[in-house]
Amino acid sequence: MIARRSPDEIEAIRAACQIVSRVHGALAERIAPGVSTAILDELAEETIRSHGADPAFKGYHGFPASICASVNDEAVHGFPRPDPLQEGDVLCVDVGVRLNGWFGDGAFTLAVGELAADVERLLRATQQALGAGVRAAVADKHLSDISHAVETIANEAGVTVIQEYGGHGIGRELHEEPHIPNHGAPGRGPRLQVGQVIAIEPIFSLGAPEVVVDEDGWTTRTKDGSAAAHFEHTVAITKEGPRMLTEPRTATIAAAG
Ligand code: MG
């Protein structure tokens, strides 16, 4: 069952999402060569707790930290580490927040220091795909219209969808129904409805689609060692269109055709 939330409930989810957004802002300012992801994790936890919220990832199925910090070939679920980021690293940061029993989830990717041309293409495509997925999150469209919108951008940019991961419903739990693949034909799956709240999260790589999980049981990296990127917003489907709850100033954006 896909939950539908009232406007008041969406506001409660948005409050959690706005803390995600603040953490993103605080981390983006700190990310630089020489800074460790462990320090970023501490900063994230402090920021979350200063707003009276909890880091949703910490302890989730045993995950040890407040952020996922996935560097270079790590696509998702990387552990924060004490070793410093290096010039040229690509860092994906994923942040989850629980506030008053409601969850928010969002991710972004940044290059540390100077941006290589192929990495710039990867980051731009992944971010554009998130936008395309959000614009497809419109009542009466089908779930896979989001998937197709995301995949289309990857294909156009010549980057690869990591198919094992995707978006999800969110609200009372960090991960709820439905799973939202980042690939597939349009017009399939349930119809989207006003009140549904979903996390849309394209995860792309510069190489092959296969990933492997490290012995830690979490860190997921591309099998061929190519760089990966990940962007995510929590989005409410409203009468007025998709509303990005994790945007600094929550915006309702014009629906795609
Ligand atoms: Mg997520």
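Reader: What makes Asp105, His168, Glu201 and Glu232 donors of the magnesium ion?

Author: In this predicted model, the magnesium ion is coordinated by Asp105 (OD), His168 (NE2), Glu201 (OE) and Glu232 (OE), at 2.1 to 2.3 Å. Donors are N, O and S atoms within 2.8 Å of the metal, so these atoms qualify.

Reader: How are the donor residues spaced in sequence?

Author: The spacing is D-x62-H-x32-E-x30-E. Glutamate 201 and glutamate 232 link distant parts of the chain, 31 residues apart. Glutamate 201 sits in the loop between strand S9 (197–200) and strand S10 (203–205). Glutamate 232 sits in the loop between strand S13 (228–230) and strand S14 (233–238).

Reader: Why is glutamate 45 called buried?

Author: Its relative accessible area is 16%. Buried means under 20%, so glutamate 45 counts as buried. Glutamate 45 belongs to helix H2 (residues 37–50). Beyond its neighbours within four places in sequence, glutamate 45 contacts Pro55, Lys58 and Ser66.

Reader: How do you know that S6 and S10 pair?

Author: Two bridges join S6 and S10, in the antiparallel sense. Pairing requires at least two bridges, so S6 and S10 meet the criterion. Threonine 160 stands opposite serine 205 in S10.

Reader: What makes S6 and S13 edge strands?

Author: Strand S6 (160–161) and S13 each pair on one side only. The open sheet has three strands in the order S6-S10-S13, with antiparallel pairing.

Notes:
Residues are numbered from 1 along each chain as its sequence is written. This is a predicted model: local features need pLDDT of at least 70, side-chain atom pairs count only at pLDDT 80 or more; totals for chains, interfaces and linings use all residues. Side-chain values use heavy atoms; hydrogens and water are left out. Helices (H or I, at least four residues) and strands (E, at least two) are DSSP runs, numbered from the N terminus. Buried means under 20% relative accessible area, exposed over 50%, partly exposed in between (1.4 Å probe, protein chains only). Contact means heavy atoms within 4.5 Å. Donors are N, O and S atoms within 2.8 Å of the metal (3.2 Å for Na, K and Ca); water is not among the atoms, so sites may look incomplete.
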